[in-house]
Amino acid sequence: MKVLYNTAATATGGGRDGHTRSEDGEIDLQLVVPRELGGPGGPGANPEKLFAAGYAACFLGALRFVAGQQKVKLGNDVTVTAKVGIGPRDDGKGFGLDVALDVAVPGVERAVAEDLVARAHIVCPYSDATRSNLDVRLTVL
């Protein structure tokens, strides 16, 4: 693979209850463990929020890419909502993620929208990275 872009972020402190910052400083966030995971909750980000934000943005980009290939015009009201959950794995060997993508494609026939979402799931690098590890549920709204 020819890498076209690189970036980096560094986590400090306790990990989930520390701090994370991108190398360029564009992302500079306090991390807080949610109450549901035994933490104090409150203001702050966590890895699941960051993953959800990244996956939603990446998938929307992939959707627009495949729509362009298929000559389908998408409006500015197209949205992707990534829902990310975390919990203990059934095998008892750590934690796993639960991921669902809700995709709204207003103004596009449902069958066409479903085809575009399926194609986007093939080309999106986040989908590719999770393909054999997570059952990502896709819903066209």
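Accessible areas here come from the Shrake-Rupley method with a 1.4 Å probe, and for residues only the protein chains shown count as cover.

1. Overall surface and extent. The accessible surface of the chain is about 9000 Å², and carbon and sulfur atoms hold 54% of that surface. Along the principal axes, the C-alpha atoms occupy a box of roughly 50 × 35 × 30 Å. This is a predicted model, in which local features need pLDDT of at least 70 and side-chain atom pairs count only at pLDDT 80 or more, while totals for chains, interfaces and linings use all residues. Residues are numbered from 1 along each chain as its sequence is written, and side-chain values use heavy atoms, with hydrogens and water left out.

2. Elements. The chain contains 3 helices and 6 strands, where helices (H or I, at least four residues) and strands (E, at least two) are DSSP runs numbered from the N terminus. Their order from the N terminus is β-β-β-α-β-β-α-α-β.

3. Among contacts with a separation of 6 or more, 46% are between residues 24 or more positions apart; a contact means heavy atoms within 4.5 Å.

4. The open sheet. Three strands form an open sheet in the order β1-β2-β3, with antiparallel pairing. Its edge strands, β1 (9-12) and β3, each pair on one side only. Two strands count as paired if DSSP finds at least two bridges between them. Strand β1 is joined to β2 (residues 19-22) by 4 bridges, and threonine 10 has arginine 21 in β2 as its bridge partner.

5. Strands β4 (residues 79-88) and β5 (residues 95-104) run antiparallel and are joined by 10 bridges. Glycine 87 stands opposite glycine 96 in β5. The hairpin of β4 and β5 has 6 residues between the strands, and glycine 92 there takes a positive phi near 75°. Strand β5 also runs parallel to β6 (residues 137-140), with 4 bridges between them; alanine 100 has arginine 137 in β6 as its bridge partner.

6. Asparagine 46. This residue lies in the loop between β3 (28-30) and α1 (47-69). Is asparagine 46 buried or exposed? Asparagine 46 is buried, at a relative accessible area of 7%. Leaving aside residues up to four places away in sequence, asparagine 46 touches Leu31, Val32 and Pro34. A polar atom of the asparagine 46 side chain lies 2.9 Å from the backbone nitrogen of lysine 49.

How values were computed: Buried means under 20% relative accessible area, exposed over 50%, partly exposed in between (1.4 Å probe, protein chains only). A polar contact is a pair of N or O atoms within 3.5 Å; within protein, one must be able to donate a hydrogen and the other to accept it, and residues adjacent in sequence count only if both atoms are side-chain atoms.
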